[in-house]
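Subject: Structure for your files

Hello,

Here is the structure you were waiting for.

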Amino acid sequence: EYVLRYEGSGPFSLRGLNVRWAGPTNQAADVVVVCSGEADIEACRFRGAASAGLEVGGGLVLRGNVHGRVAACRMDNNGYGIKVIEEAAPTLVDNDCRDNAWAVIAYLDNAGGTASGNACCNNGIHGIVLGGDAEPLLERNDCADNGDTGIAYNDGAAGLALENRARGNRMHGIAVGDEAEPTLERNTCENNRYGIGFFDDA
């Protein structure tokens, strides 16, 4: 289920739109899904994505081999604010993402790209969560006051986390588990219960 879905081969552009899922909340549903092409999304608001069990809806879902740019958008009251899956590799910059049930940004599967200067605050579990073999660049993101962890690396996730700020999170600023192998450089962790935690075979 979704409000808007794009599957074309050319560029896909959204500007200044407020898009909300207003359907049933007892089944998983996304708000906007981009499956292919080059996305150019700016100054939009995506909200209301619903979740059912472990099937988590996203305000904006970027999948397939999507690339392009998402800038200055607001994601709130979703399961995930932005879900980047499969082999998508967008640039996410200066987005304001808060009050989502699971996390602001989820990188899964073989996703990549860059997240820079995003506000990832007041979410139910994580600011940014990475799983599968995702390997994005995370730089200068502010991950604050989340229910568990600012930035969480799971499975075989990797990539560089550079100059991010993780503050006021209930558990860890940055958590690295399973077989994840990120490179962490010049990140600031303050006022979390724990700073940086390594678990399992990480």
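The notes below cover the overall fold, the surface and the cysteines.

The model is predicted, so local features need pLDDT of at least 70 and side-chain atom pairs count only at pLDDT 80 or more, while totals for chains, interfaces and linings use all residues. Residues are numbered from 1 along each chain as its sequence is written, and side-chain values use heavy atoms, with hydrogens and water left out.

Overall fold. The chain has 25 strands and 0 helices (DSSP runs, E of at least two residues for strands, H or I of at least four for helices). Its C-alpha atoms fill a box of roughly 40 × 30 × 25 Å along the principal axes. Of contacts (heavy atoms within 4.5 Å) between residues at least 6 apart in sequence, 46% join residues at least 24 apart.

Surface. Of the 202 residues, 52% are buried (under 20% relative accessible area, with a 1.4 Å probe and protein chains only). The chain exposes about 8,500 Å², and carbon and sulfur atoms supply 42% of that.

Cysteines. The count of disulfides (cysteine sulfur atoms within 2.5 Å) is 0. The closest cysteine sulfur to that of Cys120 belongs to Cys143, and at 4.2 Å it is too far for a bond. For Cys121 the closest is the sulfur of Cys120, 6.7 Å away, which is also too far. Cys120 is buried, at 0% relative accessible area, and Cys121 is buried at 6%.

Regards

Terms used:
Buried < 20%, exposed > 50% of the residue type's maximum accessible area, 1.4 Å probe, protein only. Areas by Shrake-Rupley, 256 points an atom, 1.4 Å probe, with all protein chains shown as cover.
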